[in-house]
Amino acid sequence: MRILYAAILLLAVLVLNFSMMHLAPGDVADTISQSMGGADQELLDQIRADYGLDQPFLVQLGRYIGNVLQFDLGFSFFYNKPVTELILQRLPATLLLVFVAQILALFIGVILGVISARKPNGIASHFVTILALFGYSAPVFWTGILLLIGFSLKIQIFPVAGMRDVTIEGGFWIHFMDIARHMVLPVITLGSIFLALYSRLSRATMMEVLGSDYVRTAKAKGLSEREVVYKHALKNSLSPVITLAGLQFSAVISGAVLVEAVFSWPGLGTLAFQSIIARDTPTILGILFFSALVVIVGNLLTDLALRLVDPRVRSKG
Amino acid sequence: MSAPPLQPQEELPTARHPFAEAWEMFRRNHAAMVALVVLTLIVLTAIFGPYIYKTDPFDMVWAPFSPPGVDGFLLGTDYLGRDLLAALIHGARVSILIGLAAALMSVFIGVTVGALAGFYRGWVEEVLMRVTEFFQVLPTLLFSMVIVALFGASLPMITFAIGIVSWTAVARITRSEFLRIRELEYVTASRASGAKNGTLMFKIILPNALPPIIVQAALMVGSAILFEAGLSFLGLTDPNVVSWGQVIGSNRQYILDASYTVTIPGIAIFITVLAISLVGDGLNDALNPKLRQR
Amino acid sequence: MTAPLLKVENLRIELTTRDGVAPVIDDLSFELGAGESISFVGESGCGKSMTALGIMGLLPDKIGRIASGSIAFEGEELSTASEKRLREIRGNDISMIFQEPMTSLNPVYTVGEQIAEVLRAHQGLSKSAAWASAVELLDAVRIPNAQRRVSDYPFQMSGGQRQRVMIAIALACEPKILIADEPTTALDVTVQAQIFDLLNDLKRQTGTAIIMITHDMGAVAEMAQRMIVMYAGRNAEQGPVDQIIDRPRHPYTKGLISCVPHIMATLTDERHELTEVAGIVPSLREFGKNQCLFASRCAMVTQECLDNRPPEIEFEAGQKSACWHAGTV
């Protein structure tokens, strides 16, 4: 049921994609003729006929969707490669960045939330308040550049750009550590915004939960403080935070586009940036489609996580 | 022998105009008051600054990378020798104008969608909420990038691109407020006395749903400014107009030589958005009747 | 003579509020013998629940504290006991059930787990042994099909069933004292009667002493031998239930009794109008004043009531009343 709905959403993304391409000034024929250094009207018409651009809108749309179902998102004249291939090359880097940042932000956010909920006037709580203001107000690309100036240029701890050092040789662990080192700053930059969101919500729900009747019951049972907080309270405070995290997937990807641009991270964001400058429409739309796919998958994962922590969701099926 | 008269439990506050009461609450929030002053200064700069500080932000006025305070340029010059202070003052206009216009647009769409969904329920709600979910699935920044890339980077198009992707939160808030308020007695009473749907929606329910929408709208201005900064950082901006994000974007290759060309415009964005969000917090305290009773 | 099971002496509990510190329990003393049951009666806000939380050592952090007096459980002072020691007692020797069965169980764990964990914590039972006991306990609180329902989550149960689960949790370690804080207020009338029956039966089987907190005189008559009427944090009247209902010595008690038609009148009697105790409970600011706090609602009020706090006057069979006019009520 959920998956069917996800498929319909994706179909809608395709329709939107195609309509935008159709509405936008200039078409594939123009692009091709530009890359050939100009063409006369006859040749343009020839190209349009070849690509089926003279067909009615719905026919073209149908064919576009048909192609996508066969994993064909068109051809990038700029990169001279099929768009699908281009995107699949870049997708893993973005997925890595997005999921690591999300998971770390969630994990640390919840921990901060718990600590600051237990001591509403403690250091952690003030940190959460300040982080929340900063995370909301500071442009992510600016934070990234500041970190870059601080920890790659002034103090040279982390690499300036990219995802791996091509000169490095060695086994899996060496490469793993190399990527990890490259990831630190991008992940901190991207994760801090969401860490701010999650820790603030986590603190609020945790405070509410700590005042709830069932926590009082747990105390009345004579359970230890640790069991009361980490067994009874924590699991109940997770659902709202996970729900919020699920809603943030599209924002995380948006943030990733900017972070990738700052750190030259070889993912979809950088690709999008480059193809926009190159006016490579098929690639841009392909990226939009794939990123929507990532959001939808992220949402499905969120649902699964919610089912794990909350039996009420589970029983609704 | 008679019972002593009942003492009133608490002095009842005298009824005042709700705006006066909200203002009273707002004033008690010191951070929000400071933020309001800062914000007013920024807006005044955006409006009048360009008439007072007349240096054209595109003119190459001095040697490149002249640090702040040296050679008479308060904030220094960028990689092309352009005056950074001029860029900030002129950039404020674009940031705030786009921020306001995009927020207005998303509030308009969001309130319309949310109100219709919350008021009519049934298939109308079903369809509108699906559309809302659809927009939540598209990564906002990428979608705006695509719109701007395909249809041109004019200021109205940028505003549209930001507004069209940012309304979902407003729609959700409006809908849930409508769902709550439509069940209240006074709405039922108005309905029973024959009020038309339009009257019910906009004259009776909407005014009562406004407080959270206003707070959200204030926050929307902040996020729209951030959004615009992101787009112009990526170069997706009107090349004939200077904006804060664009200054950062165009100078970022030179951070090793002149980090101030990036830090200073960033601080401008940061302070503006921070001020807006603090004012938003203050509005939240002032307009939220549940908090007020604490 | 051995020490009574629970002996509370001159207990004073203070709450810090915005308006300052208020004594929500003011000079309360009572005793509870093994297997006995006692009821606390009064309107909401009179400090009944605070007494319970005070005994459990669960007063709200930083806001509430035991200012003076003593709570002795089997001769052991609880008001100064360590948190660790209190944890050993809670849920094991003294346990408690609450007013809100709908929210008192943790929604994300099965009821079996919630019963079993208290057995694991206090009796060191293994996972499987605790689970088996949980099934038996569910059966004991008369939840049909316990074997299967033990894996249910709270949201799959009705309010009455949830309160039965709460009772099972509370009785799991066979405590010496069970504190029941308005256990039936949130339930339907028919379910209320079932819960009272259950509590009475279990009490007979296990010999647990029960402290029953309620605002319902009907519940008192059904559940307890002795009762304490509380008003504004103070003991208004205490003594044997039958004797007090028969002959209340405090105008407040009298008012409470007249609220309940079925204690006074049989069906054939002429129906009296339901009277309420007129007026409202004083605000926390009034607590602790040196006067009779009921004076503002009392029909028998005299200058003396407003000038001085009434002393406790003793009558036969341990009935005591804190009223200047106790003799003439």
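User: What share of the contacts in chain B with a separation of 6 or more is between residues 24 or more positions apart?
Analyst: Such pairs account for 69% of those contacts. Two residues are in contact if their C-beta atoms, placed from the backbone, lie within 7 Å.

User: Before going on, what kind of model is this, and how are things labelled?
Analyst: It is a predicted model, in which local features need pLDDT of at least 70 and side-chain atom pairs count only at pLDDT 80 or more, while totals for chains, interfaces and linings use all residues. Residues are numbered from 1 along each chain as its sequence is written, and chains are lettered from A and ligands numbered from 1 in the order in which they are written.

User: OK. How many helices and strands does chain B have?
Analyst: Chain B has 12 helices and 0 strands. Helices (H or I, at least four residues) and strands (E, at least two) are DSSP runs, numbered from the N terminus.

User: And how much of chain B is buried?
Analyst: Of its 294 residues, 45% count as buried. A residue is buried if 20 or more other C-beta atoms lie within 10 Å of its own, exposed if 12 or fewer, and partly exposed in between, with C-beta atoms placed from the backbone.

User: What's the average pLDDT for chain B?
Analyst: The average is 80, and 85% of the residues score at least 70. pLDDT is the predictor's confidence in each residue, from 0 to 100.

User: How many residues of helix H10 of chain B are buried?
Analyst: Helix H10 (residues 244–251) of chain B has 8 of its 8 residues buried. Among them are Trp244(B), Gln246(B) and Asn251(B).

User: What covers them?
Analyst: The cover includes H7 of chain A, along with helix H3 (84–120), helix H9 (197–233) and helix H11 (260–287) of chain B.

User: Which residues touch the most other members of the largest nonpolar core?
Analyst: In that core of 254 residues, they are Met145(B) and Ala168(C). H3(B) gives the most to this core, with 18 residues. A nonpolar core is a set of buried Ala, Val, Leu, Ile, Met, Phe, Trp, Tyr and Cys residues joined through C-beta atoms within 7 Å.

User: What is Met145(B) in contact with?
Analyst: Leaving aside neighbours within four places in sequence, Met145(B) is in contact with Ala272(A) and Ile276(A), and with Leu231(B), Leu234(B) and Leu236(B).

User: Switching to Val114(A): why does it count as buried?
Analyst: Val114(A) is buried because 21 other C-beta atoms lie within 10 Å. Its place is in helix H5 (residues 83–118) of chain A.

User: Which residues does Val114(A) touch?
Analyst: Not counting residues up to four places away in sequence, Val114(A) touches Met206(A), Val229(A) and Leu234(A). Val114(A) and Met206(A) are 92 residues apart along the chain, with their C-alpha atoms separated by 6.2 Å.

User: Now chain C. Which domains does it have?
Analyst: The assignment gives domain 1 (6–93 + 175–328) and domain 2 (100–172). Domain bounds come from an automatic or database domain assignment. The C-alpha centres of the two domains of chain C lie 29 Å apart, and 14 residues of domain 1 of chain C are in contact with 14 residues of domain 2 of chain C. Helix H8 (residues 189–206) of chain C supplies the largest share of the domain 1 side, 6 residues.

User: What order do the strands of the open sheet in chain C have?
Analyst: The order of its 4 strands is E2-E1-E4-E5, with antiparallel pairing. Two strands pair if DSSP finds at least two bridges between them. Strand E1 (residues 6–17) of chain C and E2(C) pair over 10 bridges. The edge strands are E2 (20–32) and E5 (76–77) of chain C, each pairing on one side only.
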